[in-house]
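Trainee: I have a new model on screen. How do I read it, feature by feature?
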Amino acid sequence: MSVLDELNALPSSERYSRLGHRGTRDALVSLGTQSGLAWLEEHIESPIYPEWGWALYAFKPEWAILDRWIRLSKLHALAAIDALLMFGPDPHFDDDKKPELPIGANPQLIDNAINFALEHYGNPRLKDAAKRIRQFWPVGRRPRHSVSIPTAVREFAATLFCNDPDLMRDWIKMLETAITPPQNINDLWQSLLQFGDRKNVVAIIDWKEFPIDIIESLRHLRSAAGLPILWQEYSEYANENENLLRDIATQIEGTGRSLVSLDTGGDSYALTFIARDTIPALESLIAPVLDQPHCIQQFEKSPTAPHANRIHRSSRSVADFIQRLFAAFR
């Protein structure tokens with residue numbers, strides 16, 4: 001049974017969901033551009049979820065195809081716009097992907113098609129998409145917003161950036177050219193953390209993250225340079241993440257730096273290393289602005305975390321020794 005037969009046999013309520021599976025999209029693409037796109041064009045149906053746009057993008061369509069779909073019908077336009085958005089960075093991951101023009105496109109052609117879509121099918125979803133697309137490929141100079149950064153936040157950012165003027169300039173440029181500028185202090189703070197995460201200034205980590213992934217993020221932080229942390233010892237860490245962070249904090253006690261987490265407003269960590277003697281002043285600086293008295297969490301020395309990790313390594317060493325002993329007598 002071919003992938004097209006399977007898709008045709010599904011009720012409409014399930015078909016879009018199946019298109020969300022990468023394996024289905026790959027199988028569709030393997031049928032060839034002409035057959036795959038023809039099937040999508042014929043079977044597209046309301047409601048148009050993003051999965052239809054993902055399936056279209058899987059073919060890396062040239063502009064002529066996208067432009068024709070935008071002008072074909074509202075359903076096709078919504079899918080084509082979703083596919084066009086995928087040529088740029090994903091706002092949900094706040095990535096650094098550079099917008100890549102579809103083959104045969106230029107900003108003016110895209111702007112013309114967007115105008116057609118808004119005029120003929122205008123709805124809030126299309127309007128939001130149009131703002132992002134015009135931010136990717138502006139006609140003329142990219143618009144800039146006027147952004148006011150409180151002195152306390154600017155000074156905190158400078159410390160976080162290790163007084164690197166290039167990072168400060170890039171962050172401000174990102175704020176000024178954002179699709180939607182920060183509306184309040186929380187937006188500004190979240191922007192700082194997200195920018196810092198992309199630039200290896202902070203590591204935003206889910207509290208349930210695997211220890212090996214936490215270590216990989218921490219070791220690449222700019223502020224981790226020169227710290228005497230034995231990263232390889234944590235490759236098979238078998239304890240709670242909170243203990244892992246305390247264990248690392250214990251290793252750097254004599255360096256004058258501390259491992260801290262900045263308040264994210266949720267249950268994730270925003271980790272970085274900063275000079276220990278600056279923490280009180282930094283918290284006094286930023287806490288009133290964020291209206292959050294404890295916005296810098298330090299990881300204090302914990303006798304249980306290093307001990308637990310040593311037990312884990314010791315147990316593994318014993319097991320390795322026994323295996324070698326048996327091997328020697330075979």
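Trainee: Is N163 buried or exposed?

Mentor: Keep in mind that this is a predicted model. Exposed means over 50% relative accessible area. N163 has 61%, so N163 is exposed. N163 sits in the loop between α10 and α11.

Trainee: What is the phi of N163?

Mentor: Phi of N163 is near 60°, a positive value in a residue other than glycine. C162 also lies in the loop between α10 and α11.

Trainee: Which residues of helix α10 are buried?

Mentor: α10 covers residues 151-160. The buried ones are A152, V153, F156, A157, A158 and L160. The buried residues of α10 pack against helices α11, α12 and α15. They also pack against strands β2, β3 and β4.

Trainee: β3 is on that list. How many of the residues of β3 are buried?

Mentor: Six of eight, so β3 is mostly covered.

Trainee: In which sense do β1 and β3 pair?

Mentor: Start with the general idea. In a regular strand the side chains alternate between the two faces of the sheet. Now the case here. β1, residues 203-206, pairs with β3 in the antiparallel sense over four bridges. D206 has S268 of β3 as its bridge partner.

Trainee: And how many bridges join β2 and β3?

Mentor: Five, again in the antiparallel sense. R257 stands opposite A275 in β3. β2 and β3 form a hairpin, with five residues between them. In the turn, G265 has a positive phi of about 80°.

Trainee: Next, aromatic rings. How is a pair of rings described?

Mentor: By the distance of the centres and the angle of the planes. The count here comes to ten aromatic pairs. Take Y234 and Y237: their ring centres are 5.9 Å apart and their planes at 40°, so the pair is tilted. Both Y234 and Y237 are buried.

Trainee: Which residues do ring pairs link into a cluster?

Mentor: F161, W171 and F195.

Trainee: Which residue lies over the face of F116?

Mentor: R71 does, at 5.0 Å from the ring centre.

Methods. Residues are numbered from 1 along each chain as its sequence is written. This is a predicted model: local features need pLDDT of at least 70, side-chain atom pairs count only at pLDDT 80 or more; totals for chains, interfaces and linings use all residues. Side-chain values use heavy atoms; hydrogens and water are left out. Buried means under 20% relative accessible area, exposed over 50%, partly exposed in between (1.4 Å probe, protein chains only). Helices (H or I, at least four residues) and strands (E, at least two) are DSSP runs, numbered from the N terminus. Contact means heavy atoms within 4.5 Å. Rings of Phe, Tyr and Trp (its six-membered ring) pair if their centres lie within 6.5 Å; planes under 30 degrees apart count as stacked, over 60 as edge-to-face and the rest as tilted. A charge sits over a ring if NZ of Lys or CZ of Arg is within 6 Å of the ring centre and within 35 degrees of the ring normal. Two strands pair if DSSP finds at least two bridges between them.
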